Amino acid sequence: MEKPPTSNAHEEDTLHPQGLGANMEAQPSTSNADISLPSESPNNEPMDSHYSNNIIINHDFSGGLHLWHPNSCEAFLVSQETTRPKGLSDKLSAPFAVITKRKQQWQGLEQDITDRVSPFSVYNVCAFVGISSGASGNQEHVLATLKLEFEDNSVRYLFIGRTCASTENWEKVEGTFSLSAMPRRVVFYVEGPSPGVDLLVKSVVISCISFSQCESDKQKCALFDGEENIIQNPRFEDGLNNWSGRGCKIALHDSMSDGNILPVSGKFFGSTENRTDYWNGIQQDITGRVKRKLAYDFIATVRIFGNNISTANVKATLYIQTADLREQYIGVASVQATDKDWVQLKGKFLVNGSPSRAVIFLEGPPPGTDILLDNLIVKRAAKAPPASPPVVENAAFGVNVIANSNLNDGTNGWFPLGNCNLSVGNGSPHILPPMAKDSLGAHEPLSGSYILVTNRTQTWMGPAQMITEKLKLYLTYQVSAWIRVANHASKPQNINIALGVDGQWVNGGQIESSDDKWHEIGGSFRIEKQPTKVMVYVQGPEAGVDLMVAGLQIFPVDRRARFRQLKKETDLIRKRDVILKFSSSDSATLVGTSVKIRQTQNTFPFGTCINRSNIDNEDIVDFFAKNFNWAVFENELKWYWTEPQKGNLNYKDADDLLSLCANHNIQLRGHCIFWEAESSVQSWIRNLNKDDLTSAVENRLAGLLTRYSGKFKHYDVNNEMLHGSFYQDRLGKDIRAHMFKTANQLDPTATLFVNDYNIEDGCDARSSPEKYIEHILDLRAQGGPVGGIGVQGHINSPVGPVVRSALDNLGVLGLPIWFTELDVSSDNEFVRADDLEVMLRESFAHPAVEGVVLWGFWELFMSRDNAYLVNAEGDLNEAGKRYVALKQEWLSRARGRIDEQGKFEFRGFYGVYEVEVEVANDVSKEKMVKASFVVDKGEGPIVISINL
């Protein structure tokens, strides 16, 4: 790493050696449409207006200098009646204050506002300022600042905003500030021009943003409460101390680009220089300041500059080195930064172990483009407030929101999206699509009429309807229709039911049609933020292809009613009648004896993915061991992890995870031997010729499966073959079946799986159940021993009938189906819990599903936002509570007495049980006898003998 430079060409005198406070927030305001600001006349002078919420008294000096005080200098008023002093432009309209005899930059004009501000409120500042002609140039920087005096007599200064003031016009300095704690004294003042230059102030407005806006900003302000920022010199008040370059140089600036780039939270900002690689950046060593198992919020203000790049991704990364020299890079945050303005880079992180070294750094833009950093805050994350379920009133479950769905009134209620034509035809199905029949409420039979769409000149053209007022937030809606394309289509056509939600595309279902038959299309969606406009439309076929749509239904689903039905189905397929036959030396005494049965383990596989860093956090390990009986490694078995460079093998992380699972008797899935997505193939593999790639594939198979022979019960052989084709494109179609055959030869004990996504939700025509079945049959026809079907399960807004339909279709193959990477996502943890319950109940109630593996459970260690079950510091959220409750529901309990035949009968889930029996001993005293037994999967009652 390079040392920071010792000199800084752009460094200026520090106005306030005390530095900025750590418990407050200020930021510039470039546009605040909802805030009352002074309006401007054409010559940039402020116009007269009344500011009812302005906390500055005598804001326009109409009362002279009343309540205004010069700070270690002198001030006087220029009014329309007074003679204008020499050096003041006639273009500057009076009245205004002149601050003169300034010997320091920080000397200016101030007003005490202590009694007029309050914590958590957000204030907008707008002042019109100028300078005298005594300046060495025609422009000088003018700053708005807060001076904060605290009870311990400490003084801190809060930068609000700055502008480049001139001698000829009034210029506006503006910004916002908020206080998260109330100082003893708060003073606002204007400062900044060079010593000897008179500062002119025309007016000052400090207005509190509306109460509702203040409330919304409390959470943001709260970030600055509590523990101190662990970043040292966060706003570069102390130059570049504590900062260094990561593979490049860094510099300090008070401005760049001829004054067009200015700091926003202080008087300086840092930047990189001479970046030659993407990972080059600016960094700070935070070793000893970041604590294990604590969550930290990260907020930085950044932008980019140079190399003719207008936008680029800026990332925050935490480098961790452990005592045993193991290295880890934790992605903390990412933002698309621009060269036009500062943006906030926000994230959150947690360190599992006790690092011997920790470094936070920024990286990401292309070489030659510099990263600019205005400020960085890393603080202990505040606890989230308790969540509450969304309130949905008058939910009309099963009621179609589409008007004139049956076309009894022609095309009324419908309109053509684009320059296409709509008409009504006859001959569509009279029955509901199968996925809708069990969840749609009372309805008319389908009429057999359909919308015919002709004259389509774009793929997005089709029938549309506005449904904004008919949707409710947080309800999950099922989508169902019959779809058909005209027989003149020359190739398979994709068809999509879509929603335009305030201009954003939302997928309501997608299919591919390769004939002129009617096809069912089904999907789901949910809206969690209030939209202003929602349009549903049907699109997809190429231009010139006519489209037919019949019986479109969009309706909210009643999940609780579905759950009641699933419970009944679960009892049929996951339970078995059990007959316990007791015996003892005196069997006669057993009659009427009390029996209590408790299931200790359901043997149905419930698993999760884990990663190497999880081992370092005993809380994560404890939850993992208590709540799962299967596992899969998130990355540690993937080829790019085990051999990132040719011949550089790394199996240590996988070995560590293997030992952890073995110690807790947890079975393993191997994910994955190969991955067809080219973006997931390491660069040295991508650069191989055909012969060398063939050799590398053989070495990968032999190396991995020989090393771990018998250790993994399953392998995902070649991940996501429906969505990628890296190996097939380079080595031919036969390579896929060859991978399966070779893997089976090397480890015949493992079940070999296909594994893909978007199988179960109706949202992806490339990976429909029909396409997946075709793919599996093709592999098996080539001799590939496919033994299991992996359905990843990264799903949004799941609807039971749609998921069930996919499982039914896949089930015809007779292969075990596993959800291999299940996760659901919602900002509201109660809705997330409902989504998770849908997927778990649908899985557990389906006879073809033989296991469910979650794609993680702990916040900050999942690839998907808002999907976690356990908060970063170990608190179980509503989704986690729901998971635990379902696991408990699927454990059987029974109690009663032994009958005259020495039997006790009950019906229970497959798994491990413990029985307690009160048995009389030789001296007529009762004692408790315990025994364990297992209920295996099977047909008919199971008889288990227990000798007491």
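**Entry 1: Lys937**

The model is predicted, so local features need pLDDT of at least 70 and side-chain atom pairs count only at pLDDT 80 or more, while totals for chains, interfaces and linings use all residues. Residues are numbered from 1 along each chain as its sequence is written, and side-chain values use heavy atoms, with hydrogens and water left out.

Lys937 sits in the loop between β45 (926-935) and β46 (942-947). Helices (H or I, at least four residues) and strands (E, at least two) are DSSP runs, numbered from the N terminus. Leaving aside neighbours within four places in sequence, I found Lys937 in contact (heavy atoms within 4.5 Å) with Arg576 and Tyr910. Tyr910 is 27 residues from Lys937 in sequence, and their C-alpha atoms are 5.9 Å apart.

**Entry 2: Gly896**

I moved on to Gly896, which belongs to strand β42 (residues 893-897). Gly896 counts as partly exposed because its relative accessibility is 22%. Not counting residues up to four places away in sequence, Gly896 touches Thr593, Ser594, Val595 and Phe904. I also checked Lys596: 300 residues separate it from Gly896 in sequence, but the C-alpha to C-alpha distance is 6.7 Å.

**Entry 3: the whole chain**

I counted 14 helices and 46 strands in the protein chain. The chain has 948 residues, of which 56% count as buried. Its C-alpha atoms fill a box of roughly 115 × 80 × 70 Å along the principal axes. Of the contacts between residues at least 6 apart in sequence, 78% join residues at least 24 apart.

I found 8 cavities of 30 Å³ or more in the structure. A cavity here is a set of points, on a 1 Å grid over the protein atoms alone, where a 1.4 Å probe fits but cannot get out; lining residues have an atom within 4 Å of a point. Grid points are joined across faces, edges and corners, and a volume is the space filled by probe spheres set on the points.

The second largest cavity holds about 70 Å³. Its lining includes Trp639, Cys672, Trp675 and Tyr727. The elements giving two or more residues to this lining are α5 (639-642) and β36 (667-675). The largest share, 4 residues, comes from β36.

Cys672 is in strand β36, and I noted that the peptide bond from His671 to Cys672 is cis, with omega near -10 degrees.

**Entry 4: other backbone exceptions**

Most residues other than glycine have a negative phi, and most peptide bonds are trans.

Ala94 and Pro95 are joined by a cis peptide bond, with omega about 5 degrees. Pro95 is in the loop between β3 (74-78) and β4 (96-100).

Glu720 has a positive phi, near 60 degrees. I placed Glu720 in the loop between β37 (714-719) and α9 (726-731), and it is buried, with a relative accessible area of 11%.

Ser797 has a positive phi, near 45 degrees. I found Ser797 in the loop between β39 (788-791) and α12 (800-811); with a relative accessible area of 7%, it is buried.

Key: Buried means under 20% relative accessible area, exposed over 50%, partly exposed in between (1.4 Å probe, protein chains only). On a 1 Å grid over the protein atoms alone, a cavity is a set of points where a 1.4 Å probe fits but cannot get out, and a pocket is an open set with protein on both sides within 12 Å along at least five of seven lines; lining residues have an atom within 4 Å of a point.
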